[in-house]
Structures are given as structure tokens and as C-alpha cells.
Amino acid sequence: MPTSSSPDHRDAPSGRKQAPAPAPAPAPTLHLLGAFHLVDADGAPQLGAGKPLAVLAYLACARNRRGSRSVVADLLWGDSVEAQRRGSLRQALFTLRHHLGPDAIYSDGEWLELAAPLHVDAERFVHAVEARRYTDAVAAYSGPFIPQFAAPGAAEFERWADMERMCLQGSFLAAAVQSLRDQIGRGDVDAALALSERMVEESPEDDAMWRRRFDVLSLAGRAGQLLLEISSLRARRADDGRPLDPSLERFIAQLVGSLAVAKSRGEDAAPPGALPDTLEFQGRAEVFTALLAAWAKAAAGVPQRMLVVGAPGIGKTRLLQELARRLATRRVQVVTIASRQRERDDPFALLADVVGRLSALPGAAGVTPGSAAVLAGVVPSLADGFSVSPVRVSLDNPTLWVQHGQALADLLTAVGEEAPLVLLLDDLHWADRGSLDVIERALARVGKVPLLVIASSRFATPDLGCGDARVTLGPLALDEIAALMCSVAEPERGGEFDTMVAAVHRVCAGVPFHVVRLLHEAVSDEALRIIDGHWRLGDADAWQRLLDRSSRPEARLQAYSHGDRALLALLAMADAPVTTADLEMVGETPSAAVGVELSRLEQLGLVLRDAGARWSLAHALIAEDARASVPPEDWRRMARALGERLSRDVEDLGALRRAVRLLLEGGEIEAARALAVRWYAAQRVMPFSADGFVEALRGAGGDAELHRSLRRALLWRRRWWRSRPAVAVGSALLTLSVAAAWALQPVTLVSTSQLDPTTALSPFELYPVPPRVEVRNRLGWRSTRRDGDVVQAGLRPDSLGLRGRTSVIVRHGEAVFDSLFPPKWEAGSELRFTMSRLPPLVLAARHDVELLVESVHAAGQRVVEAPYVLRVARGAPIEGEVRLHYTTLSRDAVWALAQTTTWGVAPRDTLTVRSLLAGISDAIIDVPLRLRAPATIGDYWILWTTNLEPAAAWLLSGTNWQCGQPVWGDGNDLAALPDSVLARAVAQGRTVLPFLYCNYQPPYREPRIMPVAGVRVEVR
């Protein structure tokens, strides 16, 4: 017998009187079903999978919770000698007593006994089965017994766990059969569907379980799902090289012959005569089988990725939802993330969602600290959870995205090693470029883990490196639409149903979204009716009117404005991606609103934007509708305008064809001919003969007159080409003349002020030493030839970020900036000065605006000169009026006057005082105050500002309107600036705010001078 000092020995309690024991702590729980760990009463982990926990599991499952020391040692340390086995067991017992208490395990010589109070989920399941509480037993069984445990020397323990697993699984299936019968007897179809699906997932090779599953689907009226699962089972068995059992085939044949029974029951049931909100999933059996086959490969440890491509409304999202629902019952980690259209231009928006969701899954704690630090740079909240410092990596430098790809691969591997993982990425066409690049890099580096990634997109790019592993969703066939309608109600005898199906297929072109929308509208209008579970034609005239309206393009687009239809028509006639600038030049929508309208149409699924920020229609059906919705005369006018615009930048033959075709549609035969000749003449190497070029252009239109005149022009071009030596001499003389004139009268800009680009300044401060610029000619003499021009300052090479506070006009050959504000200069940057002949007030509008406080009358106080300070008590009302003086050199460029406070919550506590200041050059504006002072003692500000944005939220958040919505909390909110900066801004009457611009990829920030007026509020 071991001595009392042995770590695995505990003496029995003596007969001496002892102090009253404290109240026992709540017992911990040992999870053995579907998981293997020990948690305390609050659910916090205490002990993970390992040999100490295996000892605890064996004793907890043994009769009377007693086990032989020798048996336990042989089970877990069978590859060691006797002395080592005993020592390892003592160490394991020491670990258990450390977590459960010193008296948790008694040692009586050869025998060990678990004495600590302990809840065991497997024990609860067995007790429920023995008491014939089958519903409780099914609820208690959360998965296989001790899943995925293996350790050196523990082969015998693994065999014991396998036997226990088989016994408990058999008990679960027996209890599930009894519970399923009770549910069917009670008519609880929802519960029966869920339980039957769980039964086949638990024992996929048991035909008896499949019979019960198919029987429940038939009783629930799930005809479409029944056919889908039958097809999937056949495909799975065929992959294994064995057909279905003949008895199961006969059972399936009987069910398929009676699919119309009990269709009105189940989770999609609707009131009699109504259409269910969600119709059955139809016409995707082959695609669904392909996705399940990909999952089977991924579950075997070979990562898989697939791309689902289809037009809007074709059913991509529904397909992913059905797959997620199917895989969720297999104890698979399913993560579904959808890209959002409004975040398309936000760097790493999709990646942040992916990292955030994956980091919350079991196994994420296994990621390396280095990878966690990189990922915390994308999702800052991870820094605390992983106890790391975020690595700040530039989001606009693609060469540094490799770090993110490696870190994400580490996270995917860690999560996948814990449990199989399915990552579903929906609407990938709205994903930002940076996230796509990082995710693709990560998928190329993931190790051999059970990982399946399925993405959906409206077009084949980006494909995340899927290559040929893609499936395309096409429209529903006639019989598939019939099956969809039969899943709702049975067809009426006769030919009416076939006629209905054919009409729906013709009008909707097989697009599921349009089919469902048409059926809902038809049942709502009682054009079609469901009577006694049968489809019947209701009002024949209403049905025909609905079909006519749905089949006519002008009717389908009648809900959209004239401007929307014009934009869609322009995209339809272009028949290729078009930039926003092209549409602004030729469209009827005001230029400032084209981008907003396109984004709204994109959200409606009518247009698409590619990686190059070019727009096209989302579907050929929309193009047909748009063409038919525009009158012929408007079509010709728009085609002519778009053709003239596209003809300015023709790079290849395809672009030339499109431009020529549009000019011909607009009736501009001469312009089309001149464009073709210019393009042909501009080619360094003649790619075609004259006749060959004319033939190549036949795709642009079959206009015979164009072809004849073009052939004649090209023949003259050929003759001119033969006389090119004389032309070359003349061109050389002309070039020399121009060069001489340029050399005699050149001008340049020379800065005579020394600016140090390495000077570290806050982006909210003005540059202390503004430059003086002289205009000189090539001989170095000051020139007055550019007097009256406007000078602007910028940084090489992109000129973004540096602007003057006022426009600088050249006078007497010199221009002096009154101030400049710098961005963060890179090493080697240099200033660049440019001149233009724009009217100075156009550029001055943004900078020569002054906003001053003239008087304050509020909170019972009147202040008529600076500094303007209100002293109020905590929480006191601040009611009264502030008089502002607004002046500007421009009357047509400033829009909004905004008000905010440095307390409160943005954007709730912001106010647009005046939404339009155009036409005003000097005005007194009385602003009413209706505020309540903060509840905390301190110094605060009431601020006003104005500039070129449509409303207060854009100005106060420092966001340009092209971003789609204001972006708060990103470090440039006016009210969030430090108090010292705001005090200096109010004293100077202006500050510098780095505005966020989203009309480039990636977005950038450009400093903008903002006039600022303010009143300090002292709360005491």
C-alpha cells in the first residue's frame, strides 16, 4: 500500500470531530458525447483532452465509478514498463485532484474510486434510455462518444472507447426510432423532419434509417426535397461502387408514385388557397450532388473550393442555404458570410468578417501568436483575446498582403483541425479587391484539413483560384417549374395546368426569382387560385393581363424613373463595360447623381461593376427590357452621344467596332467612317489590308454605304502612305518650327522658399513657411506672360494631398501662397506647381469661406465678443441663439452649414443648419440652440462648419458623398479632434480635415481646409 505521502493516496476520514464543512461548490460537468473536455459549473474549461481526462472518463463510466489501477495503467500506457505506467498514472491522478479537489479520487490499494460530485452527459443519456424517456434521451445525445481522441500507448483505451461509442450510438438510434414514432403520432412533422435527418447523418449506411427519413419527407409533403435526397444518396453509393439495396429501391418507387399526398403539411404549410412564403428547392439536384461530392473529398482531409456562378435571381443564395442546412446536422462548422455592396470599396471588409467569424470557433486558439498579431491588425478586437499587439500593415500595398494570407491560412488550419469546416462566401461580386487577394493566397497555403470553401458570384471572376471547380446555375426547365408548382398544389385534371406552366416558363425565362414573384402576384390577384389543394385558373382576363405586363419590357421597368431607364439603356447599347465618366458625359442624369444611381441599381441587381470600376447590365433579359423601354428617336440620340464619347479612346478593334456601331445607330455615317480611317491610320503596323479591315468592321454594322466610302478612303490612305518620304520631310520641318517657338517662349515655375518635407506636422496644422513661386523662362529671366493664371501646389507623382488655403494668382511674374498644409510626405517627395487659366473664384470657393461667431445669447447669458464662453451647470438646458457671419468669394459652390457638439453621440447629435448656401456671398445667420449640457464636469465645444458636401453628416464625419454613406469613428470626425486642435481651429477660424474619398481603389484621404466657428461650454 502506498505511504501517506504518496500523491495518489488519500486517507479515509477519521472518527474525530471536525468543523462543519462549507457548502459544496456546484459540480463540474464531464462532456463525453460530441466533445471531450471538463468544464466548471459556469461552463468555463477546466481540463482538455488528454490522458488525465481519459482516466476520469474511464472511472466515470465504470460500474460504481471504480476501476483497477493496473487496468487503467494498461489502457493508457500500454507501451511502457510497469514502473513507468505506475508513475504516469500517479501524475495523472495528481492532475485530476488539482482540478477536482484533493478528495476527488480515493485510492485503496489496487482500486481507484471517483468520489467527487461530477455530472456526466453520457450518464444522463443512459439514464434517460433506461427510464424510456426517449425524447430526453435524444436531446441528451449530442454526438459520438469521445470523438477524435488518440495518444501514444493508449490503443487499448481507444478500443474501449470504440466499443462504448458503438453501444451508445445503437442506444441513440433505438431511442430515436421510438421518439420518431411518437412525433409522427402527435403530428409534429417539424420535429420528425429534424430527427429523421439526424438519424441518417448518425448512421448513413443504415438503409432502415433512410427508409424512415424518406417516409417522413413523404408524410410532410416535401416532394422536391425527397427527390433531391434520393438523388444524392444514389450518387454517394455510386461513388462507393455499390448500388442501392433492391428493397430500398422498391420502397423509393412506392414513395415516388405518391408524391402528391399531404402537400399542405410541413414547415412550408400555408393557409388554404395561399402560396407559401418559401417554395421548395427545385431543379438543382445535380449541382447539389456536386457540392456534396466536394464535401466528401474535403471531409477526407483534402481542402476543396468551388465557385457557383449564376445571374441575379437564379438561386445562388438559396443553394448555399440548403447546403448549410444539410451540413449543419453533421456536426460540421458551417460559416456563411455575404459580401455587402456598400462595403465593396472598403479595404478588407470581407476579410474582417471572415476573420471575426472564424476566430470565434473552437480551435482558433491554436493559431500562432505571429498570425494572431497580423489578423488583429484587420480586426483590432482580437488583440485582447489573443493577448497580442496588432501588426499594422498598410492596406494599400498589395505586396504586404502576403502576411495576411499566411495568417488567415494558419487560422483556417487551426479551426479545421478541431472540426470539419465549411466556409460559404455569398455575393462575391461585391467583395473588395484586398479581401479577395488575401483569401485566395490563404486557400493556396492551407494544409491537409477538412475544409470546403464555396463562393457564389454573378460572374466567373473573381474565382478565388477555383479554376475548373465551378458550377453554373442555369434557368429552370419546363418540367422543373411544373415540379415547383406541384410542390404547392396538385395539378387540376385537364390541360389548364400545362398551359399555366408553359406561360410561366415563357414569361419568366426560367429564372426562379421571377417565377416565384409571378406566382405570388397571380395568387394575390386571384388570377390563379388554389382550391382543395389543386391549381385552378381564377380570373382568366386578370391572368392574361398579368402575363402581358410581365412579358412587356416597358411594363417590367415601369416602376423605375426615366433617368434609371436611360442609364440601363446606355449600358444595353454599349454591350460592354462602361466607366462612370462615360455615362456622366452622355446620360440624362445629372453628373453628380450618376454614381449614386448606379450604386442603387447595382443593389437592385440590375447592373454589375467589375474590378476596373466599369459598369454593365446584370443580365441579358434586362438589356432586352431596357432596349424596348426607350423610344426609337431617343435611342438614336443616346447611341450617337455614347458613340461620340467612346470614339475618343479607341484602343483595339473591339472598341472600334462598338463605337462605329453606336455612331451608325445614331445616323452618323460620316463620323463612323472618319473614326475608322483615323484608327487605321494610327496603327504603327498595318494589321489589315484595306479590304481586310472593311471585312473586320462588318461586325459593326452592314451599312453598304459606309463600306464603300470606307474602302475609297483607305485606298487614298494607301496612296498617301506610298508618298510618306515627302510627308516625313514636311512633318520634320513643322516639328522644328514648333520646337523653336517653344524654346523661345518657355515658362517654368521656380520655388524660392525652402520647404523641408521631413518636418513632422499634425495633419490638422497649417505649414508654417508657405512658398513663393516665380515664373521664369528658359533663360532664367522672370516672365510676366502667365500673369492672371492660377497656381496650384501638389506632390509628385500623384499631386494628391497638398493644397493652398487660397487660390494664388500670378502677378508681375510672381505668386505667393499665404499658407500650405502638408500630408505625410514620403522620402524623396518634391513639390510640384502647376498653372491653369481657370477663373480664380472657381478654385477659391473651397478655401475663401469665413465663418465667424458675432454674438451668443443662450442659457441666460449674452456674449458679444471673443472669447465666446458659456458657463452652465451639469445637465442644464442651453437654449437661445447664436449669430454667425458667413462670407465667401464664390456664390455657387458651398452647400451645407453644419452644427455639432463635442458631447453626445454621432451622428445623432449633428444638425444641418442650412442645406444650401449657394447664391450667398455675405450673410448673417441666426442659429437657434436647443441643447442640454453634459452631465460631467469639463470643457466642451459647440461647433459650426461649412463646405462642399450635401449635408451635415458628411462634413462632420470627414467623408466625401461618393462613399455612399458617412463613415464615423475613423479618426477624422470634427467633434472628435483633441481639445487643443479645436481651440486653435476656433481661434484661427479654420482647420485641416483629411476627408475620405471612396471614388478610387483603394480609397484615399485628402486634406481639406474647413472654416470653423465655435462656442466653448464650461460645465461646473
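Author: Buried means under 20% relative accessible area, exposed over 50% and partly exposed in between, with a 1.4 Å probe and protein chains only. This is a predicted model: local features need pLDDT of at least 70, side-chain atom pairs count only at pLDDT 80 or more, and totals for chains, interfaces and linings use all residues. Residues are numbered from 1 along each chain as its sequence is written, and side-chain values use heavy atoms, with hydrogens and water left out.

Reader: Is phenylalanine 157 buried or exposed?
Author: The relative accessible area of phenylalanine 157 is 0%. That puts phenylalanine 157 in the class buried.

Reader: How many aromatic pairs are there?
Author: Rings of Phe, Tyr and Trp (its six-membered ring) pair if their centres lie within 6.5 Å; planes under 30 degrees apart count as stacked, over 60 as edge-to-face and the rest as tilted. By this rule, the aromatic pairs number seven.

Reader: What kind of pair do tyrosine 58 and tryptophan 160 make?
Author: Their ring centres are 5.3 Å apart. The planes stand at 65 degrees, so the pair is edge-to-face.

Reader: Which aromatic cluster includes Tyr58?
Author: Phenylalanine 157 and tryptophan 160 also pair, tilted, at 5.2 Å centre to centre and 40 degrees between the planes. One aromatic cluster is formed by Tyr58, Phe145, Phe157 and Trp160.

Reader: Which residues does alanine 294 touch, not counting those up to four places away in sequence?
Author: Alanine 294 is buried, at 6% relative accessibility. Contact means heavy atoms within 4.5 Å. With residues up to four places away in sequence left out, alanine 294 touches Gln304, Met306 and Leu452.
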